Amino acid sequence: MRRKVLIVEDEPDIARLVQEHLADIGCDAVIAGNGATARELFDAGGIDLVVLDRMLPDSDGLVLCREFRQAAATLPILMLTAKSTELDRVVGLEVGADDYLVKPFSVAELLARIKALFRRVDALRQATPEAVVDERIEHDGLVIDVQRRQVNVADGPVELTAREFDLLLFFARQPGRVFSRMQLLDKVWGYNHEGYEHTVNSHINRLRAKIEPDPSNPRYVLTVWGVGYKFAETVTAMASD
Ligand code: CA
């Protein structure tokens, strides 16, 4: 199965380079040089992944990212940014990007990230065939509907990005087990890269802001000082028809 990638990038040389390399890994890529074209190609449908430049002539990539995320909750989005401050990275993830690369980047690293995103999507599809029984994980007011990828807390449903959901599910399926940031990068992000541990921290913080009644005193995702994180113990896992 060939996959379709939307490359939103106003520098033609970069866009074509990425397009050529994507062809080598079995992806057909379409290129949008501005936000208006990107919206048209996106609306035409069939896009499996988006590579999205932050700075576009007519649009802010962050605005596009938010739009795409609202339209397609589980679509993998990888942002390219010339900015490398912590704040910019966090903002990119905040609007729903699954990953980001800072320019200038190596094509090999970009392809590795894209493959990792596809592996995650494939794993999710295999893990959630239509016929399986509903899996629910409940803990102290937190309810995770695994097949529907929905999360509820006492106040009602919570909107999580694809990555936030994967992270929460990964933890909740192994309550009490401690994971280092590197382990989480490896298992949830699909790559293990020194220096990206702050990505884990920012995701944990945003997840807590969404699910924890008191994020400064977490009840579900707990910090294990000097080691990493763990999910609180005594989870009720239930299967029903
Ligand atoms: Ca640009």
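**Aromatic close-ups**

**View 1. Phe42, a buried ring.** With a relative accessibility of 13%, Phe42 falls in the buried class, since the cut-off for buried is under 20%. Keep in mind that this is a predicted model.

**View 2. Phe68, a buried ring.** Here the relative accessible area comes to 1%, and Phe68 is buried.

**View 3. Phe42 and Phe68, a stacked pair.** In total, 4 aromatic pairs turn up. For Phe42 and Phe68, the ring centres are 4.2 Å apart and the planes sit at 20°, so this pair goes down as stacked.

**View 4. Tyr220 and Phe231, another stacked pair.** The centres of the Tyr220 and Phe231 rings are 6.5 Å apart with the planes at 15°, so these two are stacked. Tyr220 comes from the loop between α8 (197–211) and β11 (221–224), while Phe231 is in strand β12 (residues 228–231), so the pair links parts that are 11 residues apart in sequence. Buried or exposed, these two? Both Tyr220 and Phe231 are buried.

**View 5. A cluster of Phe rings.** Phe170, Phe171 and Phe179 come together as one aromatic cluster.

**View 6. Arg3 over Phe118.** Arg3 places its charged end over the ring of Phe118, at 4.1 Å from the ring centre.

Conventions. Residues numbered from 1 in each chain as written. Predicted model: local features only at pLDDT ≥ 70, side-chain atom pairs only at ≥ 80, totals over all residues. Heavy atoms only, no water. Phe/Tyr/Trp six-rings, centres within 6.5 Å; stacked < 30°, edge-to-face > 60°. Buried < 20%, exposed > 50% of the residue type's maximum accessible area, 1.4 Å probe, protein only. Helix = DSSP H or I, 4+ residues; strand = E, 2+ residues; numbered from the N terminus. Lys NZ or Arg CZ within 6 Å of the ring centre and 35° of its normal.
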